[in-house]
There are 2 protein chains.
Amino acid sequence: MRQFVIILYVIVFISKPVLAENGYDLWLRYPQITSNAYRQMAEPYFEKVFLPFNTQTGEAIRQELNRAALGMLGHQLVFEEKNAGGRGLVLLLTSDKSIPKFLPGTSLEGLGKEGFLIKSTKGPDGKSKCMVIVANSEIGILYGVFEFLRKVAMQAALSDINDRQVPKIGLRMLNHWDNLTMTVERGYAGQSIWKWHTLPGYIDQRYIDYARANASIGINAVALTNVNANATVLTEPYLQKVKALADAFRPYGIRVFLTARFSAPIEIGKLKTADPLDENVKKWWADKSREIYTLIPDFGGFLVKANSEGQPGPQNYGRNHHDGANMMASAVKPFGGVVIWRAFVYSSETPEDRFKQPYTEFVPLDGKFSDNVILQVKNGPIDFQPREPFHPLFGAMPKTPTMMEFQLTQEYLGFATHLVYLAPMFKEVLEADTYRPQKGSTVAKVIDGSSYGYRHTGMAGVANIGSDINWTGHPFAQANWYALGRLAWNHSLGSEQIAREWIEQTFTTDPASVHTILNMMTGSHEAVVNYMTPLGLHHIMGYGHHYGPAPWYNKAAREDWNCTYFHKADEKGIGFDRTATGTNALAQYAGPVQQQWNNLQTIDNKWLAWFHHVPWNYQIKGGTSFWDKLCLSYQQGIDTVSAMQRQWTSVKKNVNEQQFRQVEMLLGIQQKEAVWWKDACLTYFQTFSKMPIPAGVQQPQHDLDYYKSLSFPYAPGNSH
Amino acid sequence: MRQFVIILYVIVFISKPVLAENGYDLWLRYPQITSNAYRQMAEPYFEKVFLPFNTQTGEAIRQELNRAALGMLGHQLVFEEKNAGGRGLVLLLTSDKSIPKFLPGTSLEGLGKEGFLIKSTKGPDGKSKCMVIVANSEIGILYGVFEFLRKVAMQAALSDINDRQVPKIGLRMLNHWDNLTMTVERGYAGQSIWKWHTLPGYIDQRYIDYARANASIGINAVALTNVNANATVLTEPYLQKVKALADAFRPYGIRVFLTARFSAPIEIGKLKTADPLDENVKKWWADKSREIYTLIPDFGGFLVKANSEGQPGPQNYGRNHHDGANMMASAVKPFGGVVIWRAFVYSSETPEDRFKQPYTEFVPLDGKFSDNVILQVKNGPIDFQPREPFHPLFGAMPKTPTMMEFQLTQEYLGFATHLVYLAPMFKEVLEADTYRPQKGSTVAKVIDGSSYGYRHTGMAGVANIGSDINWTGHPFAQANWYALGRLAWNHSLGSEQIAREWIEQTFTTDPASVHTILNMMTGSHEAVVNYMTPLGLHHIMGYGHHYGPAPWYNKAAREDWNCTYFHKADEKGIGFDRTATGTNALAQYAGPVQQQWNNLQTIDNKWLAWFHHVPWNYQIKGGTSFWDKLCLSYQQGIDTVSAMQRQWTSVKKNVNEQQFRQVEMLLGIQQKEAVWWKDACLTYFQTFSKMPIPAGVQQPQHDLDYYKSLSFPYAPGNSH
């Protein structure tokens with residue numbers, strides 16, 4: 001009876017945390033390993049831990065391992081600081097003299113500052129099992145430990161491990177568009193997680209857990225503030241707050257960046273100008289940089305949005321981007337900082353196709369930037385649309401490091417209510433061939449420096465993180481944060497592999513359920529493209545808040561904020577002619593890309609309306625008219641969401657109750673909104689095509705006036 | 001060995017939730033009962049549960065009991081729907097025929113709609129233990145179940161239970177000042193918890209947990225939206241969202257109210273006027289009410305802030321409060337609704353002492369309000385200051401139900417960074433004798449209806465709840481939410497008893513730790529009064545955001561928003577003369593109150609500057625000059641906070657790690673800010689008193705210019 005009672009308690013206390021799961025733990029849940037066989041396989045590697053450094057990062061490693069062991073195996077760990085005993089987990093800096101004992105003849109070259117080697121081996125006694133992790137730095141070891149824990153959580157065969165990993169990209173970054181008012185521009189998961197008011201005195205547990213999550217996927221840089229910047233963050237009281245965050249992140253290898261408002265010398269420096277060639281301005285930035293580095297010695301640098309969408313910049317003073325960027329770059333250079341300058345610019349005066357403006361502005365400046373300036377380029381030429389062709393600047397700046405800016409927050413992809421796994425889209429861009437300097441020069445090879453030998457390499461994601469308990473609003477949006485980190489670490493990872501890792505750590509290792517969820521995820525991006533902007537349509541969402549469809553919208557202050565500017569639907573057809581008969585934006589790409597996309601016969605259907613004004617009855621690949629294909633694509637998007645609903649229902653028993661319900665409700669919203677997109681877009685475009693909605697496509701539920709009448713005054717994310 | 005392993009797991013899975021506690025579970029944590037003796041005492045009452053109704057409330061009860069049993073005892077429960085077996089927990093509606101078997105000869109009269117009887121007894125077999133809970137309604141049973149679970153969590157002697165509880169007040173309410181933009185006016189714990197954008201499709205788990213928490217302390221009404229109201233919430237799409245919330249709350253006995261913007265007929269009804277005597281306006285509100293009640297049959301009614309601080313109201317049309325209130329009251333009357341009209345009014349035109357205006361405006365209207373109008377009166381005459389004398393309207397409206405409005409969110413009491421337990425302040429007000437109609441007519445007796453036989457009774461708290469993981473920002477702020485509910489249920493409960501309940505459910509039942517934490521809590525309100533506004537000072541905080549001290553502030557658009565208006569410090573003395581030589585606000589109180597407070601010899605020190613301009617060198621009770629006492633009071637406030645820091649350190653081992661650290665950091669901020677208050681106020685007031693800071697008081701750290709120079713552009717809670 002007594003034994004029975006004890007066993008009962010075991011069941012109870014195992015099941016309780018599962019009931020209460022709310023997503024806060026992200027992919028670092030460390031659920032109990034229920035397979036006895038696997039537990040027996042794993043236990044030897046947790047028998048002892050040799051952890052020879054007693055630093056903040058050492059403490060972070062110790063805590064993470066204890067947490068993981070407690071969760072997965074049910075016990076804390078024994079740590080040894082001296083003389084690696086050769087059992088369990090052995091963490092060794094490359095300077096450690098005992099390395100040959102564990103890894104005889106293994107080369108440790110090329111691990112760099114952050115890489116690691118992880119190898120399952122025998123201890124010096126030739127019998128006991130151990131897992132050796134070697135790196136040049138404590139942060140490298142931390143990354144190795146997270147890799148080890150990931151493998152355990154995924155129940156990988158531990159005795160086979162022999163892996164050497166070095167990140168392909170240097171700056172693996174999150175850009176937060178967080179305001180000092182706590183709102184998040186284009187944030188759909190609550191407020192900013194930076195509690196400015198209570199900093200520096202109060203260090204929220206979230207700051208630590210945020211750093212843990214980032215380190216676990218290799219993210220090593222964070223821009224805390226909105227690119228639509230507020231100079232106040234550069235004042236002394238706020239720098240004290242930033243220092244407190246930097247101190248909290250440092251043990252996890254994360255460096256802090258700030259967005260710098262170009263006019264800060266005027267706003268907080270009391271200068272009369274922010275002209276980058278003015279000596280007082282230069283001195284102000286130099287002094288400010290010294291002030292920052294005194295507080296935060298490993299400060300990353302500045303991220304700058306200048307002369308774009310109303311932000312001040314060097315052009316206000318008759319200077320150009322390189323004048324502004326180089327001036328700030330010299331201010332941070334003595335301290336090892338960099339300036340990340342955004343290429344997302346378009347002038348409010350010029351009538352040129354918005355698509356073309358960044359290329360037009362920046363290509364002539366190649367070679368003029370200082371060596372600690374990085375150009376941050378969005379994945380596509382417009383603005384994070386559901387699908388965009390790769391940005392023509394990739395490959396076009398041999399002398400200027402261009403880094404990637406992806407958007408994790410789903411500004412144009414259904415906010416935090418649509419399940420959209422973005423890694424397939426990221427991969428599509430990364431694997432696109434720029435043909436610059438030659439065939440095979442993919443976007444990935446440009447940004448990882450292999451094409452042009454860039455001194456700096458980077459990949460940033462605009463964060464989708466907020467104060468919601470589960471960080472990202474939609475439980476599946478966590479996967480996009482995860483994927484950004486993993487791809488920045490190693491862009492050759494497949495999107496399915498990343499999804500599988502995430503699912504197994506986040507929800508379940510049950511093979512059938514993993515398969516089903518993987519299926520949902522991998523089809524989800526194509527689905528959203530289909531039910532929002534199929535066949536190359538883009539920028540047809542609601543004005544300002546960007547919620548829902550509004551292809552009819554034409555009231556904006558600037559022509560290139562109107563939806564009608566982008567789709568150009570008329571009685572003949574639909575799409576933006578960017579060939580030589582139109583704006584010729586295509587000319588910004590290398591010859592082979594131009595040739596493929598210039599020709600209606602060779603261009604992939606998915607880029608059609610990006611580059612061509614396609615007649616409604618044009619017979620496209622696949623053998624239907626463009627109009628029919630458009631209608632069928634919308635329907636296909638909806639059908640995929642319906643299938644996702646059924647798939648999700650089928651995994652119910654292997655997913656924790658709270659998140660199961662949450663995703664179930666959100667899929668319901670997504671399904672309704674997908675129908676809304678189809679109905680609003682088709683009733684509107686039909687006024688031009690005059691063609692019937694083909695068989696197999698559900699008729700719209702309301703008329704066009706109804707869709708036009710909807711308004712959403714408090715849609716989230718629309719505050720600066 | 002196997003047994004050993006099992007026991008190890010038990011320990012592990014018991015300890016894990018403790019490590020991870022973040023405050024989300026509030027006082028409903030249900031931690032494991034570690035005392036074997038107590039577990040043995042409690043187990044029989046959980047042997048079986050007779051739960052004879054299979055409704056939504058029944059399901060809520062079942063889930064709560066299972067959750068509690070799983071947490072405290074480690075097992076789920078067995079429920080029976082038919083034929084109360086006489087073991088364990090027996091839940092009986094008064095209509096149940098088996099009641100005499102369990103409670104022979106017990107009167108069930110007077111339980112009302114929400115009361116319950118709970119009694120430990122023997123089953124019909126005369127041997128088995130059972131706990132019988134009887135009520136006229138399922139909600140009464142739910143309340144009884146929560147009472148039972150509270151007693152178990154506090155490890156009360158269960159076999160002694162024989163309790164009959166009927167709430168003293170009808171409307172036990174939270175008023176949320178939440179905006180549709182998700183900001184919370186005077187909110188310091190994150191965003192609004194109402195995710196308007198994803199309603200009605202997505203029901204956040206928080207809605208359910210919010211309802212559970214409220215039901216556990218008897219709260220039965222919620223105004224969802226800010227009293228500075230937005231008419232949009234009354235439009236059809238938003239009413240669908242409100243309905244979804246009402247549906248989620250209903251099983252827990254909670255009814256929803258909305259704030260009604262008086263000009264809504266113009267803003268969303270396309271009328272030209274909102275004149276309450278206009279037939280179209282009457283019809284609009286009647287139609288709108290019908291629309292609401294069709295969706296939400298148990299909708300509570302409207303909460304209205306009219307003609308106050310810029311809000312529109314009947315006076316805009318030459319009408320008075322009763323015209324407006326009665327018009328809206330007739331709209332909801334057919335459906336059983338009420339109108340809660342706020343007495344917090346002061347005119348921007350009139351130069352009269354702000355203290356006096358609500359009384360002046362409303363007393364002449366007594367008897368003119370319809371019988372479903374309730375007047376909501378703040379506890380004091382100004383605006384939720386750290387300490388205020390009771391509002392003179394209490395007791396002055398024999399024919400108009402006046403209900404209490406307390407403020408839980410600490411707008412003027414240190415935001416969410418100061419540990420301030422408010423129940424002693426609530427009790428001070430509730431126990432104040434209005435002498436109306438006679439001696440002994442306390443504020444509590446006015447609002448609970450015993451003085452004048454009010455048809456409606458109510459107590460509201462302006463919520464301190466937000467999207468922070470722990471709901472209230474400061475872990476101890478949860479206690480104020482808890483206390484509001486408990487006092488509304490039974491205002492004769494002592495503040496210490498309520499604190500003890502809360503501590504034992506929230507942190508620990510260890511007697512020494514409970515004693516220490518109780519001590520911290522009970523002294524905390526007096527501390528904040530001392531370090532902010534001792535001796536009757538009031539309204540000397542920062543302008544707009546209300547953060548920190550700014551007694552020098554005199555730049556506001558209205559005189560009575562200036563700090564200098566309220567303290568009137570000059571070379572002679574300090575304080576607002578509200579006696580007959582001044583504004584004579586004192587005349588609004590009953591004679592005995594006037595007499596006591598009019599006289600410097602009989603008035604309590606704590607009210608001095610509320611009613612008198614006191615000379616700096618006036619020798620007050622206690623034998624020091626007013627100036628010295630002022631300085632010493634500030635110091636005493638700081639010293640109390642320092643003592644709280646030491647006390648908190650002493651309970652470290654009995655409080656979960658995360659919340660321990662959290663409170664420790666927050667006490668550090670509180671300590672610094674207490675010193676800031678002292679230094680800023682004393683350096684400023686010293687410019688008038690010209691007297692030295694006495695021995696025993698720390699010298700200010702900076703000069704007055706420094707304190708005046710501080711600015712807080714993004715202090716939280718300052719958005720409408």
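A salt bridge is defined here as a side-chain nitrogen of Lys or Arg within 4 Å of a carboxyl oxygen of Asp or Glu. The model is predicted, so local features need pLDDT of at least 70 and side-chain atom pairs count only at pLDDT 80 or more, while totals for chains, interfaces and linings use all residues. Side-chain values use heavy atoms, without hydrogens and water; residues are numbered from 1 along each chain as its sequence is written, with chains lettered from A in the order in which they are written.

By this rule, 76 salt bridges are counted over all chains. In chain B, B:Arg186 pairs with B:Glu411, with 3.1 Å between the closest N and O atoms. This pair links distant parts of the chain, 225 residues apart. B:Arg186 sits in the loop between strand E7 (171-175) and helix H6 (205-216). B:Glu411 sits in the loop between strand E13 (402-407) and helix H12 (423-430). Helices (H or I, at least four residues) and strands (E, at least two) are DSSP runs, numbered from the N terminus. B:Arg186 is buried at 8% relative accessibility, and B:Glu411 is buried at 3%. Buried means under 20% relative accessible area, exposed over 50%, and partly exposed in between (1.4 Å probe, protein chains only).

B:Arg387 is in the loop between strand E12 (373-378) and E13, and B:Glu526 is in helix H16 (residues 511-532), so the pair ties together parts 139 residues apart in sequence. B:Arg387 is buried at 4%; B:Glu526 is partly exposed at 38%.

In chain A, a network of salt bridges links A:Glu147, A:Arg150, A:Lys151 and A:Asp163.
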